[in-house]
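Me: I would like a close look at a single part of this model, taken slowly and with its surroundings kept in view.

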Amino acid sequence: MVMLCSISLMAQDNNLVVIGNQSGTPADIKMNELKAVFRGERQRWGDGTKVVIAMIKTTTPLGNEISEKIYSMNGDGVRGFWAGISFAGKFDPPNVFNTESEVETFVSQNPGAIAILDRTTTTPDVKTILVSGKKTF
Amino acid sequence: MDEFIFLFSFKKLYLVELLILINSPVVRRQKAWISFILPVLIVLGTGGASIGQNSILQNTHIRGFIEVDASYQDKKVSFGFGEQDLFITSQLTDRFSFLGEAVFKYDSTSATEFGVSIERAIVKYNYYGNNNLLLGKQHTPINFWNDTYHHGRVFYPTIERPLLFPADFIPLHTTGIAAEGHDLGNLRFGYNLLIGNGLGSSDIANNDERVSVTAAVHIKPVENLKLGVSYYNDAISPGADVYDKIIPVKVHQQLFTGSISYFGRKFELLTEGTLALDKTDSTGTQHNWASYLYAGYRVTDKFVPYFRIDNLQYGSGEVYYTKNNTQSIILGMRYYVDPLLVLKLEYQHLNTDFQGKTYAVTFQVALGF
């Protein structure tokens, strides 16, 4: 029973998938680079394509999980974080959506777009980006 | 699609027309309410426009701030509101963007008792990676507070800016050309180099042959920690009008600033100090010092008690600054109803050369919209 619970928790800890538009985004990214991208610390990808961040609302369970794993904050904290950056004129805030399918559609239509989901994608023009060589983190 | 804070996508010309109207002499001569109604009209009027990424023109975002205060000082209760700030960004092309910031605020010298000022108007060109060129009126990147919070009191950790700001100790804005970079390399190095009109200049022209130079660097060696230093150099001409004060003699000013900021999940620390060396032919070099220390502890996600200590010390022969040696202690608490709706309550004990010891209790509701 304890083992089953542990396995379940481990699976939950590594259930996030990074997706990106086929154009601009890398095939593999390190965890610290991923955090830097989602914190607005990187304006362009290696080929010069502008970084475009897409996120699911932080009020959703998935949004809250992303907030904790990427920003080490709760959802409100992430909103405050982006409000500060955006109001200072440092970086455009993420594009935020209600559903994962909306996130996928946006990523498929915007070169340089990157997002985090809790499932793999089959949407055309969207690829899975490995995080330090792994499909999930 | 929802925008993270909010986003109204609309036709650029509509915005330009309204901004021209707001700043026109006709409107400025009219009643104060016009200055407030127009921004509201902009927001409401554009609210009905299409929302999203697919504008036929640029994506333009309008955001804003305002705060409302209540205070008790000198046995008197007062109510008031501060600046209404409209903040506009627009992505012009893949590399060019625009940032504009206009403030509407009380001005006792205005016929309408309200004034409009352009706080920032910047065209930015992203030439490589995290490196940009900026042209226009910008906040002088001289310290963390001025470069980070600007006019957004909802983001201020305290109700008002540190006392070195109202004392005009540092130049808040510079109109000029700048190069900047951020988050470069493992130390997440950043830099700013700004050359612009010097102190005493207007927004449209330099007042003398000298330009001001601001150079700043910072690193972020660990998460949430930022260390920075900056240098500012300017020569102020005799007769120059700087912050409504006529400077009688030529002053060569150098500012050396250091900053440490740490905003973690629980603990917050921000301390900055500026050494101002003002040199004149008659008084030699005067040493002036301004500093503050802020610290807060996030008891819960929404509640942060804090304190701030300020200190202003002027040289005995100082002629550029108004010599008003000042010490202040603030004890306060901050409550987040929402990241963009913050309540603050403060007690401030102030000791100045001019007014002696005074105290005040202030409550503020600050919001971003």
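How many residues does the contact take from chain B, and how many from chain A?

Reply: The model is predicted, and what follows should be read with that in mind. The contact draws 24 residues from chain B and 27 residues from chain A. On the side of chain B that touches chain A, the elements that give two or more residues are strand 1 (2-3) and strand 4 (84-91) of chain B, and the residues of that side divide by class into eight nonpolar, eight polar and eight charged.

As for the chain behind that side, the secondary structure of chain B comes to four helices and 20 strands, and of its 369 residues 36% are buried. Among the contacts in chain B with a separation of 6 or more, 53% are accounted for by residues 24 or more positions apart.

Turning to the partner, chain A has a helix pair that can be described in some detail. The axes of helix 3 (residues 61-71) and helix 4 (residues 75-87) of chain A come within 8 Å and cross at roughly 65 degrees, and the crossing by which helix 3 of chain A passes helix 4 of chain A is left-handed. From helix 3 of chain A, Gly63(A), Asn64(A), Ser67(A) and Tyr71(A) take part, and they meet Gly75(A), Gly77(A), Val78(A) and Phe81(A) in helix 4 of chain A. Sorted by class, this contact of helix 3 with helix 4 of chain A has three nonpolar and five polar residues, with no charged residues, whereas the side of chain B that touches chain A includes eight charged residues.

Terms used:
Residues numbered from 1 in each chain as written. Chains lettered and ligands numbered in written order. Predicted model: local features only at pLDDT ≥ 70, side-chain atom pairs only at ≥ 80, totals over all residues. Buried ≥ 20, exposed ≤ 12 C-beta atoms within 10 Å, placed from the backbone. Contact = placed C-beta atoms within 7 Å. Axes fitted to C-alpha atoms, helices over the stretch in contact; angles between N-to-C directions. Left-handed = near helix turned anticlockwise from the far one by under 90°. Nonpolar A, V, L, I, M, F, W, Y, C, P; charged D, E, K, R; others polar.
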